[in-house]
Amino acid sequence: MDIGANLKAVRKMKGLSQRELAKRAGVTNSTISMIEKNSVSPSVSSLKKVLSGLPMSLVDFFSIEESMPSEQKVVYRAGELLDIGDGNLEYKLIGRDYPNRAMSVMNEVYPSGSDTGEEMLQHEGEEAAMVIEGQLEITIGDEVYVLSEGDSYYFNSELPHRFRNPFDKPCRIVSATTPANF
């Protein structure tokens with residue numbers, strides 16, 4: 001077992017920097033760095049102390065190698081995308097099983113006559129998208145915008161907003177939102 005590589009993988013999976021793990025475990029940054037580079041071989045008690053910052057037991061740490069994929073998935077085929085739409089709107093989430101996603105990226109389809117509802121949406125973060133096919137009407141605050149193929153938007157999601165397709169053809173956009181709350 002490669003203790004250094006495993007520690008680095010688990011730390012990243014938990015979304016921690018070396019500095020943050022060191023702080024939580026009560027050790028120096030260089031201790032974490034040297035273990036991850038396999039420059040030192042930690043004693044059981046040292047490793048247990050480092051793992052307390054995750055928190056993770058020694059048993060879990062030593063058994064995780066078998067359950068961890070050898071590489072993080074990079075390519076997501078069309079049939080693997082999770083549709084989190086409401087049946088009317090299609091929201092296909094890209095990278096649903098990517099650990100600690102910082103953003104949500106989706107392929108969205110708005111059929112003719114569809115919308116996100118009368119009530120304006122509001123949430124923390126930012127949103128951006130590009131229209132790939134068709135047209136989309138977006139309302140942000142009191143402003144209404146019509147976007148066509150190739151047009152894009154980027155705005156603070158705390159502003160009240162909604163999406164509509166009052167046009168004759170379906171609209172497809174590729175969007176990204178932060179934080180990854182989808």
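## Burial and surface

In this predicted model, 32% of the protein's 182 residues count as buried. Buried means under 20% relative accessible area, exposed means over 50%, and partly exposed lies in between (1.4 Å probe, protein chains only).

The protein exposes about 10800 Å². Carbon and sulfur atoms supply 51% of that area. Accessible areas come from the Shrake-Rupley method with a 1.4 Å probe, and for residues only the protein chains shown count as cover.

## How the model was read

Local features need pLDDT of at least 70, and side-chain atom pairs count only at pLDDT 80 or more, while totals for chains, interfaces and linings use all residues. Residues are numbered from 1 along each chain as its sequence is written, and side-chain values use heavy atoms, with hydrogens and water left out.

## Helices, strands and overall form

The protein has five helices and nine strands. Both are DSSP runs, numbered from the N terminus: helices are H or I with at least four residues, strands are E with at least two. Read from the N terminus, the order is α-α-α-α-α-β-β-β-β-β-β-β-β-β. The radius of gyration is 22 Å, well over the 16 Å that the globule rule gives for 182 residues, so the protein is more spread out than a compact globule. That radius is taken over C-alpha atoms, and the rule is 2.2 Å times the number of residues to the power 0.38.

The C-alpha trace spans about 65 × 35 × 25 Å along its principal axes. A contact means heavy atoms within 4.5 Å.

## Charges

The protein carries 19 positive and 27 negative side chains. Lys and Arg count as positive, Asp and Glu as negative; His and the chain ends are not counted. The centres of the two sets lie 12 Å apart. Each charge is placed at NZ of Lys, CZ of Arg, CG of Asp or CD of Glu.

Side chains of opposite charge can pair when their charged atoms come close. The structure holds five salt bridges. In a salt bridge, a side-chain nitrogen of Lys or Arg is within 4 Å of a carboxyl oxygen of Asp or Glu.

Glu20 and Arg24 pair at 3.0 Å, N to O. Both lie in helix α2 (residues 18–25), four residues apart, about one turn of the helix. Glu20 is partly exposed at 29% relative accessible area. Arg24 is partly exposed too, at 48%.

Arg162 and Asp115 meet at 3.4 Å, N to O. Arg162 lies in strand β8 (residues 161–164) and Asp115 in the loop between β3 (104–110) and β4 (126–133), so the pair ties together parts 47 residues apart in sequence. Arg162 is buried, at 13%. Asp115 is partly exposed, at 27%. Arg172 bridges to Glu133, with the closest N and O atoms 3.5 Å apart. Arg172 lies in strand β9 (residues 171–178) and Glu133 in strand β4, so this pair ties together parts 39 residues apart in sequence. Arg172 is partly exposed at 24%, and Glu133 is partly exposed at 41%.

Ala180 sits in the segment after β9. At 25% relative accessibility, Ala180 is partly exposed. Which residues does Ala180 touch, not counting those up to four places away in sequence? They are Arg101, Ala102, Met103 and Ser104. Gln122 is 58 residues from Ala180 along the chain, and their C-alpha atoms are separated by 15 Å.
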